[in-house]
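Please look through the sequence and the model shown here before reading on. The paragraphs below are meant to be followed with the structure open beside them.

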Amino acid sequence: MNEALDSAAAGEAPSGDRAAGSGGSALPPAPKKKPLGRRIAGTLVSLALILLIFVGVIPQFASYQSAWAAIQKMGPGWWVAILAAATLNQVSFVWPYQAVLPHLRFWHGFMETQASTAVSETVPAGGAVAIGLTFRMFGSFGFSNVAITTAVATTGIWNLAFKFGLPIVAVVLVAVTGQNTGGAVGAALAGVVVIAVCGVTLWLVFRNADSARWVGRLGDRILNWLLHFFGKPKSGRVERAVLHFRDQTNDMVHQRGWLLTAAVLASQLAVFVLVLFCTRAVGIPAGQVSFLAVLLSFAVARLAGAIPVTPGGLGTVDAAFIGMLTAFGASSSDALAADLVWRATTYVPPIVIGIVTYLLWKRGLARGTYEKDPDVRPSAVPPLPAGG
């Protein structure tokens, strides 16, 4: 799910509006599909990269046979703890959306997050497709396109902020305790740069309309400079997009930003607890790889998957996580075992559950369930005022 949200933060979500609480109004147009040849080529490249990492690279320093032996030695208590943590992780996907979409029912949010995650983790660059599905599902529950756009953009930005910020925090904590940082200083510095630039940009956007307009114009100058090399005409789209984004999100950020921050933090903590359980369960003790070292390994791995080269970060996240645990002192086979358990409990379940929830949503849609009893009604939720 985080990958889909990250894609939303990086791109432009569909815009427009429809009557809140009305299930029959037109939904946003489907995203324009890429040519078939390009889609096939992208799929083949992703598959080739995944195979290269799992079949060509990882076996060079870790043994699947030894990793499987470590997994088989896991006691039943660890399996119970891991399954409980994995369940909590799936549930936590809903919390950020509930923070920014008042009246969103948990079951409706769960159906959407599982279905969109299934898409984003199985389709190359599936984040864009998942965002389209998000608009259709939340729209059917009665939310306006303005509310959905605001939710998708803010949750995406908050997730990216945590993804780039966590390596900074982890490196500092590891360094303060006198431990080896495992070569993660570069990742932390990259996070510092991104967080600083994005933080200043967002501060200017939400400071007032004039500073937001300045940010948009600066973005247009940079964009037009790049377009010049491709012989494309100049555009003023960035300024329009920035002002539109500010108008839609300003009030929500000021009123519910603290709740979104808490929800995203809790969601990130849920997946880290799962990773920690997986690491300890396969036989990597705290005396070998400390709590903070696991946190840093997790942070760097998540950062490696920030760019959706493969569905769900398959391969890139795994190589980074295994490499970091090994750098901190774990055996390569135990590190591989921890990664396999983590990925098995976070990658496969959302796909299976997502298919089921999508079918349940389609059945409810056909029966008119959401039109008869929407999550939000026009009388209950006044339109968002302009943030200008």
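The model is a predicted one, and side-chain atom pairs are counted only where the pLDDT is 80 or more.

How many salt bridges does a search of the whole structure find? The search returns three, and Arg105 belongs to a network of such bridges that also includes Asp373 and Asp375. In one of these contacts the side chains of arginine 105 and aspartate 373 meet with an N to O distance of 3.0 Å. Because arginine 105 sits in the loop between α5 (94-100) and α6, while aspartate 373 belongs to the segment after α16 (369-372), this pair ties together parts of the chain that lie 268 residues apart in sequence. The side chains of arginine 105 and aspartate 375 also form a salt bridge, with 3.6 Å from N to O. Here again arginine 105 contributes from the loop between α5 and α6 and aspartate 375 from the segment after α16, so that parts 270 residues apart in sequence are tied together.

Since aspartate 318 lies in helix α13 (residues 316-327) and arginine 343 in helix α14 (residues 332-346), the pair ties together parts of the chain separated by 25 residues in sequence. Both aspartate 318 and arginine 343 are buried.

Helix α6 is mostly covered, with 13 of its 15 residues buried. Which residues does glutamine 90 contact, leaving aside its neighbours within four places in sequence? They are Phe110, Gln114, Thr345, Thr346 and Pro350.

From here the aromatic side chains can be taken up, of which the structure holds twelve pairs. Phenylalanine 272 and phenylalanine 298 form a tilted pair, with 5.6 Å from centre to centre and 50° between the planes. The pair links distant parts of the chain, for phenylalanine 272 belongs to helix α11 (residues 237-281) and phenylalanine 298 to helix α12 (residues 291-304), 26 residues apart. Both are buried, phenylalanine 272 with a relative accessible area of 6% and phenylalanine 298 with one of 1%.

Another pair lies within a single helix. Tyrosine 358 and tryptophan 361 are three residues apart in helix α15 (residues 348-367), and are therefore separated by about one helical turn. In general, an α-helix has 3.6 residues a turn, so residues three or four places apart point the same way. Within this pair, tyrosine 358 is partly exposed, with a relative accessible area of 32%, whereas tryptophan 361 is buried at 1%. Elsewhere, ring pairs link Tyr97, Phe138, Phe141, Phe143 and Tyr370 into a cluster.

Threonine 149, in helix α8 (residues 145-176), is buried with a relative accessible area of 9%. Threonine 149 and phenylalanine 135 are 14 residues apart in sequence, and their C-alpha atoms are 8.1 Å apart in space.

The last stop is on the surface, where Trp214, Leu218, Ile222, Trp225 and Leu226 form a nonpolar patch with about 530 Å² of accessible area together. Tryptophan 225 is placed in helix α10 (residues 209-229). Is tryptophan 225 buried or exposed? Its relative accessibility is 54%, and tryptophan 225 therefore counts as exposed.

Terms used: Residues are numbered from 1 along each chain as its sequence is written. This is a predicted model: local features need pLDDT of at least 70, side-chain atom pairs count only at pLDDT 80 or more; totals for chains, interfaces and linings use all residues. Side-chain values use heavy atoms; hydrogens and water are left out. Patches are made of residues with over 30% relative accessible area and no salt bridge: like charges are joined within 9 Å, nonpolar side chains (Val, Leu, Ile, Met, Phe, Trp, Tyr) within 5 Å. Accessible areas come from the Shrake-Rupley method with a 1.4 Å probe; for residues, only the protein chains shown count as cover. A salt bridge is a side-chain nitrogen of Lys or Arg within 4 Å of a carboxyl oxygen of Asp or Glu. Helices (H or I, at least four residues) and strands (E, at least two) are DSSP runs, numbered from the N terminus. Buried means under 20% relative accessible area, exposed over 50%, partly exposed in between (1.4 Å probe, protein chains only). Contact means heavy atoms within 4.5 Å. Rings of Phe, Tyr and Trp (its six-membered ring) pair if their centres lie within 6.5 Å; planes under 30 degrees apart count as stacked, over 60 as edge-to-face and the rest as tilted.
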